[in-house]
Amino acid sequence: MRDFIDIGALEDIPVRGARVLKTPLGCIAVFRTAEDEVFALEDRCPHKGGPLSEGIVHGRAVTCPLHNWVIGFEDGTVQGPDEGAVPTWAAKVEGGRVLVDVALTAKRNAA
Amino acid sequence: MKPKLVVIGAGMASGRALEHLVEAAPDAYDITLFGAEPRGNYNRIMLSPVLSGEKTYEEIVTHDADWYAANGIATRFGDAITGIDRERKVVVTAAGETPYDKLLIATGSNPFIIPLPGHDLKGVLSYRDLDDTQAMIDASTIPGAQAVVIGGGLLGLEAAAGLALRGMDVTVVHLMGHLMERQLDEAAGYLLRRELIGRGIKVLCSANSSEILGADGRVTGLRLDDGTELPCDILVMAVGIRPNVALAKEAGLATGRGIHVDDQMITSDESILAVGECVEHDGAVFGLVAPLYDQAKVAAATLLEQKAAFKQRTVSTKLKVTGVDLFSAGDFAEGEDREDIVFRDPARGVYKRLVLRDNRLIGAVMYGDTADGSWFFGLMNDGADMSEMRETLIFGPAYQGGAALDPMVAVAALPDEAEICGCNGICKGKITTAIANGATTLDAVRMTTKASGSCGTCTGLVEQVLAVTLGEDYAAPAAKPVCDCTDLTHEDVRRLIKASELKSMAAVMQECGWKTSCGCHVCRPALNFYLLADWPLEYLDDPQSRFVNERNHANIQKDGTFSVVPRMWGGITTPDELRAIADAADKYAVPTVKVTGGQRIDLLGVKKADLPAIWSDLNDAGMVSGHAYAKGLRTVKTCVGTDHCRFGTQDSTAFGIAIERRMWGSWTPHKVKMAVSGCPRNCAEATCKDVGVICVDSGFEVSVAGAAGMDVKETEALGKAPTEDEALDLIVAFVQLYRENAKYLDRPYKWVAKVGMDWVRERVVEDAASRTALIGRFDLSQGIYQTDPWAERATPKAQRDFAPLANLTLEAAE
């Protein structure tokens, strides 16, 4: 059973939009779709590091604001002709609150 | 002397017959054409797109006065024939007699009006010609207007869908148990009904009308025999047609339901031929266009004493309602000797049914996915044995012989005899021959073969034939869809938004049949602009459909920071403003301060979370957003004009400021940059801007559509104005015309290249009423949108929205 941590109210994220979450692992983009699903992805396009949280959300995907790469929410992979992937974390809505994987609070393991 | 040919009726059948005739033998006859409607020949099957606003009348004209003149055909429109004297071989009109050697009757048909009580009330319409269509369009302009359509067949449903698109409250009353019972089986009829109900159209089946209600001579409603009353402002009867045989019958020709003709289209009088909806051939009468065109071809051949015979064949039907995919052909009644193959996908609303007899395809009904319709239609006409492919038949040509699921492969696999264009009976071989003879574009194929020239539903197929035949040499037509979410072009979408009064993004996506649930990063910003430009009062701007820069009111840089540019009206600033900018740069540790090409100052490298605070500081010093990120008015560059310059002819700085004060905050299809130069030395470089003004002694020369980016182009003269106010009127009207008509992301120079400078001048300069209306609409929009985004975001909520949602690094540190 995975543990979750409350990061805020669903209504604080615009519909078809995103907010940034600062974590020890770096900035995470927390997206909200038109259907009120939430997804947590690293806020960094695998192409040139563009902030995905600033992109246009459509269906279960976001278009990077810098060069229009399209990243799918479910597994973080780049769609269409481009290739690459973004790390994703578990996220869910419960009682109007947004919860993300508690692993996001952990300090990066020293390698 | 050439023999004389008289043609009665300027409709689609006679038009096509004349085309064949003059093409094969331009000098064979002296031709005179009589028509009851006071206009040339238009494509009657395209009345539905005219009704729904997707096409204009001009677009559906097939033969205009020039065409008749060029082919030496004398026209007598509006001069009704009152009789035919077969003994003396003359036709009689109010104006006198016209002799003929050969007579071609193409009097068409009349709409059938059910003789219900009240059928002669005003507002009871048929749906047959342009006057009917116009009457319906006029009725739809009354707010809250209601319409009842009697008849749930092809014509009635097209009328209902068109009226609903025009904003009317529409009820369809149909006598039979399901819609379009002549073309559809019950299951497809159900799906069609569900679709129409989803569009807000009420549908009553098994409903029997008993009386049309009226007051003061005008229709007010319809009563059904169960007592239900349906109030309405117009009532459209679309219950069928009756061949118009009155003239022929009076002249003593053999008639039944229609004018009897033989296989050569000759009537019981060998000097008289007949074609179209007025004829009866071998017991059948005709309402769809394909057999009429076949008859026209035969009639032309007969007139030229060539051998030809009309043969009745299976016809296919499509409903011309945007977003409804429906195909029907052949015989699909159930019977002992028939077998069905059925495919259903309820979630997608797809239904396909094939009817076989003795292993041969005799009927097909498809709803929701009709791509394979013409392939099935080909198999039906071939009468080929299906036992070999029966197992995969319903999946279409792509699944035959294990071929790939590629539509191009399917088209390549079609035999030469396969019919591509049902309206005109054009097979694939005829198209490939035309392509080999040099018709390498869609338009050229249309011109030479007529394929896809009538109802247009096979356009995609014709393009595929072009692509398959030409391979890499085929250049796809310039009209590109907006994006993968739709097949419509930007121009189509803009027209539909206006014509159908679509005022929300959901309405556009629904009515235009968007293929995705909520669009993509290409279409959403475009739709957002079109909606806010066309409906400033009704539409609410959607920040989530804007690019990052417009959503955050700042330009994103490659490292994710932003730039901040305060407006400097006409490039004029003050020591106080400069101090405030310097203070802000220090306070927020702005790494780069740069003077821009638009005469203002750019603060580059501001962190997103700092944006509301820096804006607030600059606001406090009296500055507002420069919209340096916007598809909107950017800058009005000026020179110092008469204030300081010894050459200046007018106060160019003050005029530049006046323009900027009037127009800032307006959203446009792409960015708009302007400049005002005080004399023809043009120090403000006005002649490469979207709008440029050159001041001269006698006034202001306004020119537009320049460019100095990817393309470099000098502006073109729009007009000259003696005063500042008149010059400003020209500029505002031009920008509003651009806002209302251009494709999203077309700069003015690209848009003007498409519509032409004359078209622009006509609306902005020559027509004063049009100019005033444009200015009025611009000012209305400014009433909503001329607001400073910085001031609006100086609230604590905005500060929060620009900051991270949460900071988990702090918790981790504990």
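# A tour of rings, a patch and domains

Start by selecting B:Arg661 and B:Trp569: the arginine lies over the face of the tryptophan, at 3.9 Å from the ring centre. Keep in mind as you go that this is a predicted model.

Next, hop over to chain A and select A:Lys92 together with A:Phe4. Here the charged end of A:Lys92 sits over the ring of A:Phe4, with 4.1 Å to the ring centre.

**Rings beside rings**

Now for aromatic side chains that pair with one another. Rings count as a pair if their centres lie within 6.5 Å, and by this rule there are 17 aromatic pairs over all chains. Select B:Phe343 and B:Phe395 to see one of them: the ring centres are 6.0 Å apart and the planes stand at 80°, so this pair is edge-to-face. Colour the chain by secondary structure and you can see that the pair links distant parts of chain B, 52 residues apart. B:Phe343 belongs to strand β25 (residues 338–345), while B:Phe395 is in the loop between α10 (373–382) and α11 (407–413).

Move on to B:Trp751 and B:Trp759. Their ring centres are 6.3 Å apart and their planes meet at 90°, so this is an edge-to-face pair. B:Trp759, at 26%, counts as partly exposed.

**A patch on the surface**

Keep the surface on and select B:Leu537, B:Leu780 and B:Ile784. Together they form a nonpolar patch with about 270 Å² of accessible area. To place B:Ile784, look for helix α26 of chain B, which spans residues 768–785. B:Ile784 itself is partly exposed, with a relative accessible area of 38%.

**Stepping back**

Finally, zoom out and colour chain B by its domain assignment. Domain 1 takes in 4–108 + 243–303, domain 2 covers 113–239, domain 3 runs over 490–546 and domain 4 over 633–787. How many Å separate the centres of domain 1 and domain 4 of chain B? Taken over C-alpha atoms, those centres are 53 Å apart.

Terms used:
Residues numbered from 1 in each chain as written. Chains lettered and ligands numbered in written order. Predicted model: local features only at pLDDT ≥ 70, side-chain atom pairs only at ≥ 80, totals over all residues. Heavy atoms only, no water. Phe/Tyr/Trp six-rings, centres within 6.5 Å; stacked < 30°, edge-to-face > 60°. Helix = DSSP H or I, 4+ residues; strand = E, 2+ residues; numbered from the N terminus. Buried < 20%, exposed > 50% of the residue type's maximum accessible area, 1.4 Å probe, protein only. Lys NZ or Arg CZ within 6 Å of the ring centre and 35° of its normal. Patch = residues over 30% accessible without salt bridge, like charges linked within 9 Å, V, L, I, M, F, W, Y side chains within 5 Å. Areas by Shrake-Rupley, 256 points an atom, 1.4 Å probe, with all protein chains shown as cover. Salt bridge = Lys/Arg side-chain N within 4 Å of Asp/Glu carboxyl O. Domains from an automatic or database assignment.
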